[in-house]
Amino acid sequence: MRRSSSAGRPAAGGRAPRQRAGDAEQLGFEGMPERLFVCTPSKLGAYADCPRRYRYSYVDRPAPPKGPPWAHNSLGASVHTALKNWYALPADRRRPEALATLLKGTWVREGYRDDEQERAAYRRALGWLEAYVETLEPDSDPLGVERVVAVKTAVLAFNGRADRIDSRPGPEGPELVIVDYKTGRTGLDTDDARGSQALALYAYAAERVFRRPCRRVELHHLPTGTVAGHDHSVESLARQLTRAEETARDIMAAERAVADGADADEAFPVAPGPRCGWCDFRRHCPTGAQAPGKEPWAAMDRPAGG
């Protein structure tokens, strides 16, 4: 005897069919919580910079192929990993002479114009690292290095990897500080630290993960040896969180519109500007393709590696 295939009708024997995972969401029961938007700082930043770039990265499947790797990204990744491995060494081995081996072991070779430019970039990066570690206490361990912190709100399920989380004395006990390494453009100042949504979200999440105050955020610019810092208040962190939630709502609304049949180009409009020349998806974007493209190594010829 064939079983009934009618949805919701009891099959032979009188037992109702088991509800499949996701049926509740499809039925749209009232009172069910809205799904959280899972995000990282880069995901939120992609939409804020250009909704079209967000779509190419996170919505279109298969995603359009990216352009070639960027030399400045290779340089930044190499330096970040070398610093991570610096802290992985025993304290008595954290000496400047260890940096050449660390950097060689983490060096990413992609994107450079030629061997000469790559060698120059390596020497530049090693000089940055040698100068930077002179400012560090080799026997002092941060609370976290490349540490993932995560938090949920009514809208977001946020997670991100902080370059470094320090624990420093505060007026009422230990306080956390978010440290972000920068190897790019010059001119970083307190406004950059104050306005960074990523740093604010790291601080908000770290305070809840470690249950210690975390209001201080710092940008450590290795090419110039400068530190741009800002001390957030509870209110300023809340404002940055609200901004992130508003962005998440906009993204979810656009994704729903596309799922319901809206034109994807209208739901995720392009934001043309100087970034177009550096976009991984410039070749696939009719607007971006009109902008002069940058060579993968172009940023290496700018001052201070930026």
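Reader: What makes Tyr132 count as buried or exposed?

Author: This is a predicted model, and in it Tyr132 has a relative accessible area of 9%. Buried means under 20%, so Tyr132 is called buried.

Reader: And Tyr181, is that one buried or exposed, and how do you know?

Author: Its relative accessible area comes to 3%. The cut-off is under 20%, so Tyr181 is buried.

Reader: Why is Trp278 called partly exposed?

Author: Trp278 has a relative accessible area of 24%. Buried needs under 20% and exposed needs over 50%, so Trp278 falls in between and is partly exposed.

Reader: What about Trp70, buried or exposed?

Author: Trp70 comes out at 10% relative accessible area. With the limit for buried at under 20%, Trp70 is therefore buried.

Reader: How many aromatic pairs does the structure hold?

Author: There are ten aromatic pairs. One of them joins Trp70 and Trp278, with ring centres 5.4 Å apart and planes at 50°.

Reader: Why is that pair of Trp70 and Trp278 called tilted?

Author: Ring centres have to lie within 6.5 Å to pair, and these are 5.4 Å apart.

Reader: Where in the chain do the two partners, Trp70 and Trp278, sit?

Author: Trp70 is in the loop between α3 and α4, while Trp278 is in the segment after α10. They are 208 residues apart, and the pair links distant parts of the chain.

Reader: What makes the pair of Tyr132 and Tyr181 edge-to-face?

Author: Their ring centres are 5.8 Å apart, and the pairing limit is within 6.5 Å. The planes stand at 80°, and over 60 degrees counts as edge-to-face, so that is the name for this pair.

Reader: Which parts does the pair of Tyr132 and Tyr181 tie together?

Author: Tyr132 lies in helix α6 and Tyr181 in strand β4, so parts 49 residues apart in sequence are tied together.

Reader: How do you know that the charged end of Arg208 sits over the ring of Tyr204?

Author: The distance from the ring centre is 3.6 Å, and the limit is within 6 Å, along with an angle within 35 degrees of the ring normal. Lys43 also lies over a ring face, that of Tyr58, at 5.4 Å from the ring centre. Tyr58 belongs to an aromatic cluster with Tyr47, Tyr54 and Phe268.

Key. Residues are numbered from 1 along each chain as its sequence is written. This is a predicted model: local features need pLDDT of at least 70, side-chain atom pairs count only at pLDDT 80 or more; totals for chains, interfaces and linings use all residues. Side-chain values use heavy atoms; hydrogens and water are left out. Rings of Phe, Tyr and Trp (its six-membered ring) pair if their centres lie within 6.5 Å; planes under 30 degrees apart count as stacked, over 60 as edge-to-face and the rest as tilted. Helices (H or I, at least four residues) and strands (E, at least two) are DSSP runs, numbered from the N terminus. Buried means under 20% relative accessible area, exposed over 50%, partly exposed in between (1.4 Å probe, protein chains only).
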